[in-house]
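Thank you for asking me to look over this model with you. My comments are set out as numbered points, to be read with the structure open alongside.

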Amino acid sequence: MTTQPVSQPESENGSAAASNQAAEVLRRQAAGLVRDLRELASPEGLAAKVDPVGFGGALGEAARSLVTRPGAVLRTGLGFGVDSAKAVSAAAARAVGRTTTGPASLPEKDKRYADPAWEGNAWYYLARQEHTLLADRLTELSQAARVSPTARRKLDWLVGQIVEALAPPNGVVTNPAWPKKIVETGGLNIVRGARNMLRDAVQNQGMPRQVTPGAFQVGKDLAVTPGHVVFRNRLIELIQYEPQTDKVHEIPLLMSPPWINKYYIMDLAPQKSLVEWAVQHGHTVFMISYRNPDSSLADVTMSDYLQEGPVTALEVVREITGRDTVNVAGLCLGGALSAAMTAWLEAKGDQHVNSLTLMNTLLDYSGPGQLGVFTDEKTVDRLERSMRKDGYLPATSMKTTFDLLRATDLVWNYVVNDWMLGEDPKPFDMLTWNSDSTRMPAAMQTEYLRTLYLENRFAEGKLELAGERLDVADIRPDSYIVTAESDHIAPWKSVYTGASKLGGTVRFVLSNSGHIAGVVNPPSPKSRHWFGESDDLPARAEDWRDDATERKASWWEDWTPWIAERAGKEVAAPKKIGSDAHPPLEPAPGRYVLRG
């Protein structure tokens, strides 16, 4: 007699399965926690968590050097003491109505010190004097330390951050605006400031909020030039913009933004949009919009970004317009990738780039500016380890890095406004874009930092992407290179170094703006730029600047006739967007830019 197994009720089976699933989830979480603790406990893991940039090593080098130079330390300390006493004496004299000048030379142009109290009140005058003296002595002490070039960059940057953090406007007892605000609001600014600080600690990684959510909306206030997505793959959407003129130039224009931010800095808002400007000047404009990557794209490489990004976009543009060549305009890393595509096509003997416009784009990374602080070998190693868990660099990490490069404007300004004065940030479209950050795939992030920032392979003709060896010198189409004199991410002299290595004719233009305002640069009374009378670039950037001609106008106005000359004759504007092979998928700005 065979005994049949007793069947369990369906509800019991479901409960058992749920219990098993919950147990498995807990097991995985426990294993992950153990793994994370082991990594944190290791010297490398602890360094990556606590000091990912390696400032501790730079400070250690400086300390060891200064121990062997006690005279320099003593002179600095005594000098500060003597000057500090002089500052106190000057402030005391001012307190009784005199106009005695302190020992520190105070910069005249600094909007933080516009309040007359900084000169008229003895306490605030003393605070500014003492801060300037301390800044000078810290810099002197830092320079006295004999350290490696890598440590020098970190040390100088760290001293600068300390100086900015200690600036009198950042302290409640040394900023005249704080007591005035207390009187004005009856002390409500203290309550509001504490509320804002708590909110930012919980919701914004402890950084002060730069924008009020909802003040500007993508697709409604920003990125509103009419157009449609006509192509999509796993990395990009391609937008084609609707014509706004009866006739257009026959050669289309493809815009290539950086993948480390959303594309719409190039289409910020009406009257502030390079896309709108180009469309209104008769160009058929296409825009690459990169996907905000997640863990599924952890293994995506620079070769993938090249082939599935601008190379694919170029082919789609050619198919839709029926034109063999395309003008390409790239910004920052989007410009570097556009240049790499141009060299890649040249290597394959299949050149379809008619002209190349590069905005604030490094091609030679031998002088990376302040970003060199974050791109040495050990820091990149730490970053690579930190990305292993999730497969990407969090958006907040990239944003915080760029904010700290301009800490006075993008950090401490909002500490004062939000936390001290208890105000909400004023609506600002560029900072709304700046806060709309993106993640970086782990493999690609490490690769571009190593091959470009660490090894400078593109400028040296050693960059290998998608089966080809690339060299900046192999880029032969006419190029328009614009850079900005106040750029803290792509220093203009470093941009010049890369531009001088291009193989074709180059028009080099210097704008009076910074990295972002160099793109959002519509004509205004404040706009100006410099250009050379000849396209032959001298060996040194300083020599070019000495001979350059200044024009009081936006570089947009200089670029317009240049690109028009390279855009072919005018033809009737297309009556439809896309083509049979690439029909419109949805209205711009598309889904990739709207995904968090």
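Predicted model: local features only at pLDDT ≥ 70, side-chain atom pairs only at ≥ 80, totals over all residues.

1. I would begin with the largest nonpolar core, which has 121 residues. The residues with the most contacts inside this core are Leu238, Met255, Trp259, Tyr448, Phe458 and Trp559. Helix α12, covering residues 332-348, gives the most to the core, with 10 residues. Apart from this core lies another one, of 9 residues, and among them are Ala62, Ala72, Ala144 and Ala151.

2. Leaving aside residues up to four places away in sequence, leucine 238 touches His228, Val229, Val230, Phe231, Leu254, Phe286, Met287, Ile288, Ala313, Val316 and Val317.

3. The next item is the pair formed by helix α4 (residues 70-95) and helix α6 (residues 122-144), which pack at an angle of about 165 degrees with their axes 9 Å apart. Because angles over 145 degrees count as roughly antiparallel, α4 is roughly antiparallel to α6. The crossing in which α4 passes α6 is right-handed. On the α4 side the contact includes Ala72, Phe80 and Ala91, and on the α6 side it includes Tyr125, Leu133 and Ala144. Sorted by class, the contact of α4 with α6 has 14 nonpolar, 4 polar and 5 charged residues.

4. A second pair is made by helix α11 (residues 302-321) and α12, whose axes come within 10 Å and cross at roughly 80 degrees. Since the range from 65 to 115 degrees counts as roughly perpendicular, α11 is roughly perpendicular to α12. Here Tyr305, Leu306, Gln307, Pro310, Val311 and Leu314 in α11 meet Leu337, Ala340, Met341, Trp344 and Leu345 in α12. The residues of the contact of α11 with α12 divide into 10 nonpolar, 1 polar and no charged.

5. Is valine 311 buried or exposed? Valine 311, which lies in helix α11, has a relative accessible area of 12%, and because buried means under 20%, this residue is buried. Not counting residues up to four places away in sequence, valine 311 touches Leu306, Met341 and Trp344. The C-alpha atoms of valine 311 and methionine 341 are separated by 6.6 Å, although the two residues are 30 residues apart along the chain.

Notes
Residues numbered from 1 in each chain as written. Heavy atoms only, no water. Core = buried A, V, L, I, M, F, W, Y, C linked by side-chain atoms within 4.5 Å. Buried < 20%, exposed > 50% of the residue type's maximum accessible area, 1.4 Å probe, protein only. Helix = DSSP H or I, 4+ residues; strand = E, 2+ residues; numbered from the N terminus. Contact = heavy atoms within 4.5 Å. Axes fitted to C-alpha atoms, helices over the stretch in contact; angles between N-to-C directions. Parallel < 35°, antiparallel > 145°, perpendicular 65-115°, else oblique. Left-handed = near helix turned anticlockwise from the far one by under 90°. Nonpolar A, V, L, I, M, F, W, Y, C, P; charged D, E, K, R; others polar.
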